[in-house]
Amino acid sequence: MKKISYSKDVDALLVELSQEPIAYAEEEGQVILHYSPDDKLVLVEILDFRRFMSEDTVAALLAS
């Protein structure tokens, strides 16, 4: 199950790729990748999301 959500409080876009438990995370600049114990990508966090997206895109996410 994929789920995309936006956290206005911390300005982060969260893309959940699976519901497996998270064992560890790796940070690459403004992106944090969360992995399961068997090294599958579970969650992607994009920090400072407004900096990367147009105002129209952010407005559309906030409206949903």
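Student: In this predicted model, which residues does H34 touch, not counting residues up to four places away in sequence?
Tutor: H34 has its place in strand β4, which covers residues 31-35. Once residues up to four places away in sequence are set aside, the residues that H34 touches are I22, Y24, A25, K40, L41, V42, L43 and E45.

Student: Is H34 buried or exposed?
Tutor: The relative accessibility of H34 is 12%, and the cut-off for a buried residue is under 20% relative accessible area. Because 12% falls under that cut-off, H34 counts as buried.

Student: Which side chain is joined to that of H34 by a polar contact of 2.5 Å?
Tutor: E45 is among the residues that H34 touches. The side chains of the two residues are joined by a polar contact of 2.5 Å, and the partner of H34 in this contact is E45.

Student: Which strands are the edge strands of the open sheet of five strands?
Tutor: The strands of this open sheet, paired in the antiparallel sense, follow the order β1-β2-β5-β4-β3. A strand at the edge pairs on one side only, and this holds for β1 (3-7) and β3 (24-28).

Student: Which residues make up the largest nonpolar core?
Tutor: One of its members is V15, which, leaving aside neighbours within four places in sequence, is in contact with K3, I4, V42, L43 and V44. The core has five residues, namely Y6, L13, V15, V44 and F49.

Key. Residues numbered from 1 in each chain as written. Predicted model: local features only at pLDDT ≥ 70, side-chain atom pairs only at ≥ 80, totals over all residues. Heavy atoms only, no water. Helix = DSSP H or I, 4+ residues; strand = E, 2+ residues; numbered from the N terminus. Buried < 20%, exposed > 50% of the residue type's maximum accessible area, 1.4 Å probe, protein only. Polar contact = N/O pair within 3.5 Å; in protein donor to acceptor, adjacent residues only side chain to side chain. Contact = heavy atoms within 4.5 Å. Pairing = 2+ DSSP bridges. Core = buried A, V, L, I, M, F, W, Y, C linked by side-chain atoms within 4.5 Å.
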